[in-house]
Amino acid sequence: MNEIRTPKIAVDRITCGADYIQSLRGRGLTVWLFGEKVEEPVDHPIIRPSINALARTYDLAVEHPELASVVSPFTGERVSRFLHVCTSAPDLVAQNKMQRRLGQLTGTCFQRCVGMDAFNALYSVTFEIDEQRQTSYHTRLKSFLTDMHRGNFVVGGAMTDVKGDRGKAPHEQTDPDLFVRIVRRSKDGVWIRGAKAHQTGCINSHWMLVMPTMRLGPKDRDWAVVGAVPVDAPGITYIYGRQSCDTRAMEGGSIDPGNVMYGGQEAMVIFDDVFIPNELIFMDGETDYAAMLVQRFTAYHRRSYVCKSGVGDVLIGAAAAIAEMNGADAASHVKDKLVEMTHLNETIYGTGIAASHQGFATKSGAYLADDMLANVCKHHVTKLPYDLGRIAQDLAGGLVATLPSEQDFRHPEIGELLKKYLAGRSTFSTEERMRMLRLIENMTLGRNAVGYLTESMHGAGSPQAQRIEIGRAMQLEYKKRLAKALAGVAPELSAEEVVEEMSGYFGRVFPPAEPLS
């Protein structure tokens, strides 16, 4: 008989960043990087900055508990807000404010949003499956979350399958493993096989929630599986993803990496007959609920991209600082460009937090972000960070891409030449100017451009995915009736009558009025 496997975690409960880093040691994960197995990911110079970024989520909860922690409804103890199921619109808003702050503090992806958004979506979906099918998924999920709260652990989300032929459903693929699926069953649980791509922070998590990546049909039952898996479960292999300029972290300097302390993480996760016990299965064959799960997850996750506004704050600051170091900060066009960067950045934040403010209750009591505004937020994110990056590079000048190496700068012979000829405004040292240039490079060309630019394009769905959802929710017939009433094309309709025909998105914009007391 297979029992629920407890992952190997070096601490019983995590309270701060140091505890978290200690909790990752000695787990024996199978991690490949540069064709070699990584003995201890915590100590690898390329991996460690991503661990530091996630550790910052714990330290922020210690420094500002009202912002980054909550009292658990399951245990009564304070836990990370990243483990919280939102039960009000202010809960959703608080997540966004925490995300922006962490973007400001790290300048990168802090890797906990996917898991947070995954179990928030699962909370309502499992409730509704149980209601219709008399299953016990919701009870299991609450039990799992209770365990996560006891340890204050990191839960990652694993949704994106490798997909194979995009024109075929999972059951139609030449190789059925191109979508994660159940390959074997027993009375105690199931075994899964397949791979998940672009998995943010997977090696830095303690558990993963494995979920389907798309709507499924009746023939895709074996692919309609959701379950919790310990990150160190037997049968899991991690292949670490390359990032631009990642080997600079192995050179020993502190200038050329651009952001020596913090970085992001993506890896491919391969499941080779990994066991999930019944107690940790939250969907098994309910294909008609896969689309609901994906849509609710994306409603949460697309508005979670307000984190990019926090990273944008750092880039705007770097652009302003390099203009000052270059002696160009008084120029009117420089000021105008910084205003434009701020306008773009606050557009991301404004649409994301509006999606949270306009959140609404599901049957389970969990609050779901407004899907229209969440998709508008993410669609902005597929474009606007690139515009911010372009302006930052404009203000930085050509040195952002041609700056000599830190080794040259430290060299006893040529270093003095670089100090002389790379000088800017005299109130700043050459090294300070170099560091600011490297930070801009890091965020727009280098390692953290992965999370700020490319992941902004493709994470939580590429641009067309948001356009499809916006199209589904835009209520054109309703809007046409409004126009016809005012234009006299349909004189039997008055504008006053039409505005009462509210549902969907506009039902949330104009909710029924509370009765007067």
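## Helices H7 and H10

H7 passes H10 in a left-handed crossing; a crossing has this hand if the near helix is turned anticlockwise from the far one by less than a right angle, and is right-handed if clockwise. This is a predicted model, in which local features need pLDDT of at least 70 and side-chain atom pairs count only at pLDDT 80 or more, while totals for chains, interfaces and linings use all residues. Residues are numbered from 1 along each chain as its sequence is written, and side-chain values use heavy atoms, with hydrogens and water left out.

Two packed helices are described by the angle between their axes and the distance between the axes. Helix H7 covers residues 290-303 and helix H10 covers residues 371-381; their axes are 8 Å apart and the packing angle is about 50°. Axes are lines fitted to C-alpha atoms, for helices over the stretch in contact, and angles run from 0 to 180 degrees between N-to-C directions. H7 and H10 are therefore oblique to each other. Angles under 35 degrees count as roughly parallel, over 145 as roughly antiparallel, 65 to 115 as roughly perpendicular, and the rest as oblique.

From H7, the contact (heavy atoms within 4.5 Å) uses Ala299, Arg302 and Arg303, and from H10 it uses Asp371, Ala374, Asn375, Cys377 and Lys378. By class, three of these residues are nonpolar, one is polar and four are charged. Ala, Val, Leu, Ile, Met, Phe, Trp, Tyr, Cys and Pro count as nonpolar, Asp, Glu, Lys and Arg as charged, and the others, Gly among them, as polar.

## Helices H11 and H16

The axes of helix H11 (residues 384-396) and helix H16 (residues 449-458) come within 9 Å and cross at roughly 155°. H11 and H16 are therefore roughly antiparallel to each other. Their crossing is left-handed.

H11 contributes Pro385, Tyr386 and Leu388 to the contact, and H16 contributes Tyr452, Leu453, Thr454, Ser456 and Met457. Here six residues are nonpolar, two are polar and none is charged.

Asn96 lies in helix H4 (residues 89-106). Its relative accessible area is 0%, so Asn96 is buried; buried means under 20% relative accessible area, exposed over 50%, and partly exposed in between (1.4 Å probe, protein chains only). Not counting residues up to four places away in sequence, Asn96 touches Arg303, Ser304, Val306, Gly352, Ile353 and Ser356. Arg303 also belongs to the H7 side of the contact with H10.

Arg248 is in the loop between strand E10 (236-240) and strand E11 (266-277). With a relative accessible area of 18%, Arg248 is buried. Apart from neighbours within four places in sequence, Arg248 is in contact with Asp256, Pro257, Arg438 and Glu441. Asp336, in helix H9 (residues 332-357), counts as exposed at 52% relative accessibility.

## The whole protein

The protein has 20 helices and 14 strands. Helices (H or I, at least four residues) and strands (E, at least two) are DSSP runs, numbered from the N terminus. The radius of gyration is 25 Å, close to the 24 Å that the globule rule gives for 517 residues, so the protein is as compact as a globular protein of that length. This radius is taken over C-alpha atoms, and the globule rule is 2.2 Å times the number of residues to the power 0.38.

Along its principal axes, the C-alpha trace spans about 75 × 70 × 50 Å. Of the 517 residues, 54% count as buried. Among contacts with a separation of 6 or more, 76% are between residues 24 or more positions apart.
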